[in-house]
Amino acid sequence: MVKKAHLVTGKGGVGKSLFSAALAYTLSLENKPILLAEMNDDSFYRDFLNLSKINYKPSRYKNNLDIAQWAPNDCLKEYALHLLKIESLYKLFVENPVTKSLIEIAPGLKDLALLGKLTSSPRRHGPLMNYEQIVVDAYSTGHFLALLRAPGALHEAVPFGPMGEQTKSIDYFIRDQNFTQIHLVSLPEELPVTETVELYTQLKNEFGLKPLVYLNKTWPLEMTDLQGLHSETKESLAHIITNQEIARTTFKKENIEIKELPYIFNTDVETVIAEVSQLLKGHV
Amino acid sequence: MIKLAPSTKTLICIGSGGVGKTTLAATLAVGLAFEGRKVLVLTIDPSMRLAQTLGIKLTGEQEKVNLPLEAKGQLYASVINHQKIFDWFLEQASKGQADAEGLKKNRLYQQLTGRLSGSQDFTSLVALQKAVSSEVYDLVILDTPPSQHTWNFLKAPEKISALFNDGIAKWFRQSTTNEPRLLSRFLNLGTTQVLKALETLTGSQFMQELSMFFAAIKTWQGPLESYIADSHRLLTSNQTEFLLVTALDTSRLIEAQKLSREILKQGYKLTSVMINRVYPWVQMNQVEQNSWPTQLKHINNYYQDLETELTSHFEILKKSLNIYKCPELRQNSDDVKNLAKNYSKIIHL
């Protein structure tokens, strides 16, 4: 039974996939079964983590840690099967061109299926998931609000019937702070910081959620380290250090607590995951 | 400086998020306009930064960018307004018939145009095609959404066409006739069961909206089919080049490798790879490096390792690929001249 769902988001390129993997790994060290899921049609983790396979059905990634790919279509299929129950009808349903195109155009249906899957444990709906917590490498900031808004919006459009009931309960658990924890990953750069502040505020005001915020890839350099360097080098590094300072000040001014995650300058992904995981210990 | 075939009319910049694709598209546009071409740059992300840099508004119009006197060509820029483009397409497709107004009131239509990223992909292609076919410009540069979406973007024509295949739209229109007996005569047993299943899943109200939606868009079919054919022709044209933008970062590297393989497999003309936002001090000479603090030497090695890995991957993938490096742009002094200066610093590897 899933007790907590962690949704990780951030502007594209901030390192949220690696963060999600590190977060899942940290949680798995407490000896409870954890699932790491990515919301992609086309797996990112397969290549990134050098996995032999990744499917909708979870497979073992590390001790106490399984990994799965939640392609929106697969979530929708599972949802349909659970509702329709009859196998032959299900086959007819999912293999029908009408359904296929319906899924392509019906707004938010895929988003709904993903969140339906995520909240299936507390809603006691759908197949049982034997995990204590789930970490989802979710959409980047641009699409993230649309994802969270899908259940509410669909409930407004179709308040009655089976779909009306489903959307209402999904929306309820997405807004439940004891169940949903959002993690916002940011970078010490102007645009990611601005987007993080905006999203943080919207999530707080619109959903009553309090996201945890991370300032990722901070550099272990101070202005005093730059003495005696070539002017172009100095200027470039000073720019990085200044941006970092601006990021810290901005978050402070907005009253947003941040956890800094220093840049791990290592090309080996597993090493970086282990190191970031160390930094997260005790924080999550 | 970058090399484009003289006959190239369209340059599509692809790449994952955070690689600075939007700014790079603008940099290339400015640089090529300085060299003498008449360039239009279209951006999909409603980026305030690009708009500010170029001094344009976010209205979706193609606006002329003021270039300094030394520029030999002209530059136009536009931030794609998806709603406007969609409405324009709809009006064209329905030939101004009354159902366009009715459709705009349909909630499904509103959500489809407003929310679906799929429709953004669709509208971007419409905007691109509109601009290229106007033959006003020597070159149109398109900035695309991040890689997860780049794929959607290229598949947009297929997705839309799937809606009209297998007589689906016709099927839905028939089911709105309010004549259950007539309806069941048209439908075979399988379809009736699917209809029931859909109702179980979604509730009948949703089905009604859906049917209305399909009924309303029936005039689309013809124009849409020709649009899909045109889009495919444009994307695979010999006059269209793809440029992959990436950065020195482990995740970006893996995404770039994946994306480039896919692009080539699908037969698109990938000609160039740009390693963007490279720090100027990476690969400084040894003498300079001697004075560096230890951690900077370590950081430098990390970036060099990434660059070596990246270039060797692309050399194996396709020998004829042009690989470039573009230095990071200092963000606090964005203006057209600064972009032109950065363009001149692009190195061909």
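Student: Are H8(A) and H10(A) roughly parallel or roughly antiparallel to each other?

Tutor: This is a predicted model: local features need pLDDT of at least 70, side-chain atom pairs pLDDT 80 or more, while totals for chains, interfaces and linings use all residues. Residues are numbered from 1 along each chain, chains are lettered from A and ligands numbered from 1 as written, and side-chain values use heavy atoms without hydrogens or water. Helices H8 (residues 141-157) and H10 (residues 190-207) of chain A (DSSP H or I runs of at least four residues) pack at about 10°, axes 11 Å apart. Angles run from 0 to 180 degrees between N-to-C directions, and under 35 degrees counts as roughly parallel, so H8(A) and H10(A) are roughly parallel.

Student: Which residues of H10(A) make the contact?

Tutor: Contact means heavy atoms within 4.5 Å. H8(A) brings Thr141(A), Phe144(A), Leu145(A), Leu148(A) and Arg149(A). Facing them from H10(A) are Glu195(A), Leu199(A), Gln202(A), Leu203(A), Glu206(A) and Phe207(A).

Student: How many residues of strand S7(B) are buried?

Tutor: Strands are DSSP E runs of at least two residues; buried means under 20% relative accessible area with a 1.4 Å probe, protein chains only. S7(B) spans residues 270-278 and is largely enclosed by the rest of the structure, because the buried count among its 9 residues is 8.

Student: Which residue of S7(B) is the bridge partner of Phe242(B)?

Tutor: S6(B), residues 240-247, runs parallel to S7(B), joined by 6 bridges; DSSP pairing needs at least two. In S7(B), Phe242(B) has as its partner Leu270(B).

Definitions and conventions
Buried means under 20% relative accessible area, exposed over 50%, partly exposed in between (1.4 Å probe, protein chains only). Angles under 35 degrees count as roughly parallel, over 145 as roughly antiparallel, 65 to 115 as roughly perpendicular and the rest as oblique.
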